[in-house]
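Here are my notes for your first read of this model. Keep the structure open and look up each residue as you go.

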Amino acid sequence: MSEPKRPWRFCALVLILSAPFWLLGAVLSGPAPLLPIQLPIGALMTFAPAAAALLLVWRDRGRAGVRALLGRLVEPPVWRRPLWLLATVTLMPLALLIEWLWLTASGAPLPEPRIAAGAVLVFVPMFLVGAVGEELGWQGYLYPALASRMSALAASLAIGAVWSVWHIVPLVQAGREAEWIVWQCLMMLPLRVITVWLYGVGGRSLGLAIVFHAAGNVTQFLFPNYGSHYDPKLTFIILAVIAAGLVLATGPRTLGDRTPS
């Protein structure tokens, strides 16, 4: 699939497609019904990146381009890379386990962890679908466009910046405090660097990026009880250390991507 020529048109279209959900979230205030987490109606914007990518690809290449982009969801298959899939699934739980131990050592009052099987059965498919809606656009469409113009690190930070700003409205609608939002947005920068690294070392597997995205959301909203004591500042510090180590180990130009162009 040929690379998009104007990636910032994609970003503008994502904002345009997200605006109706933000307005709906403003009208229907409060968390989404039937969910024990702070997830506002405006979070339905999660499908805007995929919609923007599909619209632009269809305009540029028609049905063949749409089929090629959708085909990247399953090609290369994630199950052909079991070690990278294992790393993808366990990285965020391990990061938040470190956060749990950090909070425990600092004497923070933490509730007894309770992970309901029913919540996991709901969260996993829900966040996987949401991750497809995001990563088909961010990693499947925008990243190749930016990576053709700059280093993998610069492209990941650029996407991370747009990605974090895009989340501000639903975070405000969820009732989060300003400081919490700032740290959550900063946390998305190293999170995107790690996403790009997994994508690259996994053979440019969009599936790995989707699984990592979903695993991060599931872990956050279960920590320790439906995200009650999740601290984005600590998460940012932990992920920043991991991301810095990956950059030093693999280099900022490719972040470990050795797949021939």
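**Notes on the model**

1. Start with Leu-136, which is found in helix H4. The model is a predicted one. Is Leu-136 buried or exposed? Its relative accessibility is 2%, and the cut-off for buried is under 20%, so Leu-136 counts as buried.

2. Now look at what surrounds Leu-136. Leaving out residues up to four places away in sequence, it touches Ala-50, Ala-53, Leu-54, Leu-69, Leu-70, Leu-73, Ala-131, Tyr-141 and Leu-206. For a sense of scale, pick Ala-249, which is 113 residues from Leu-136 along the chain. The C-alpha atoms of these two are separated by 27 Å.

3. Stay with H4 and turn to its packing. Two packed helices are described by the angle between their axes and the distance between the axes. Helix H1 covers residues 7–27 and packs against H4 at about 150 degrees, with the axes 9 Å apart. Angles over 145 degrees count as roughly antiparallel, so H1 is roughly antiparallel to H4.

4. Which residues make this contact? From H1 come Pro-7, Trp-8, Phe-10, Cys-11 and Val-14. From H4 come Gly-137, Trp-138, Tyr-141, Leu-142, Ala-145 and Leu-146. The contact of H1 with H4 divides into 10 nonpolar residues, 1 polar and no charged.

5. Next, the largest pocket. It holds about 750 Å³ of space. Its lining has 38 residues, and the closest to the centre are Leu-39, Phe-127, His-167, Asn-217 and Phe-221. Helices H4 (117–147), H5 (152–166), H6 (168–173), H7 (178–201) and H8 (206–222) each give two or more residues to the lining. What is the make-up of that lining? It divides into 25 nonpolar, 11 polar and 2 charged residues.

6. Ala-154 lies in H5. Its relative accessible area is 31%, so Ala-154 is partly exposed. Thr-104 is 50 residues from Ala-154 along the chain, and their C-alpha atoms are separated by 35 Å. Gln-220 has its place in H8. Its relative accessibility is 10%, so Gln-220 counts as buried. Beyond residues up to four places away in sequence, Gln-220 touches Leu-96, Trp-180, Gln-184, Gly-227 and Tyr-230.

7. Check the backbone at one proline. The peptide bond from Glu-75 to Pro-76 is cis, and its omega is near 0 degrees. Where is Pro-76 found? Pro-76 sits in the loop between helix H2 (48–71) and helix H3 (82–105).

8. Last, two residues with positive phi. Arg-204 is not a glycine, yet its phi is near 55 degrees. Arg-204 is found in the loop between H7 and H8. At 25% relative accessibility, it counts as partly exposed. Leu-255 is not a glycine either, and its phi is about 50 degrees. Leu-255 is in the segment after helix H9 (232–250). Is Leu-255 buried or exposed? Its relative accessibility is 0%, so Leu-255 counts as buried.

Key
Residues are numbered from 1 along each chain as its sequence is written. This is a predicted model: local features need pLDDT of at least 70, side-chain atom pairs count only at pLDDT 80 or more; totals for chains, interfaces and linings use all residues. Side-chain values use heavy atoms; hydrogens and water are left out. On a 1 Å grid over the protein atoms alone, a cavity is a set of points where a 1.4 Å probe fits but cannot get out, and a pocket is an open set with protein on both sides within 12 Å along at least five of seven lines; lining residues have an atom within 4 Å of a point. Grid points are joined across faces, edges and corners, and a volume is the space filled by probe spheres set on the points. Helices (H or I, at least four residues) and strands (E, at least two) are DSSP runs, numbered from the N terminus. Ala, Val, Leu, Ile, Met, Phe, Trp, Tyr, Cys and Pro count as nonpolar, Asp, Glu, Lys and Arg as charged, and the others, Gly among them, as polar. Axes are lines fitted to C-alpha atoms, for helices over the stretch in contact, and angles run from 0 to 180 degrees between N-to-C directions. Angles under 35 degrees count as roughly parallel, over 145 as roughly antiparallel, 65 to 115 as roughly perpendicular and the rest as oblique. Contact means heavy atoms within 4.5 Å. Buried means under 20% relative accessible area, exposed over 50%, partly exposed in between (1.4 Å probe, protein chains only).
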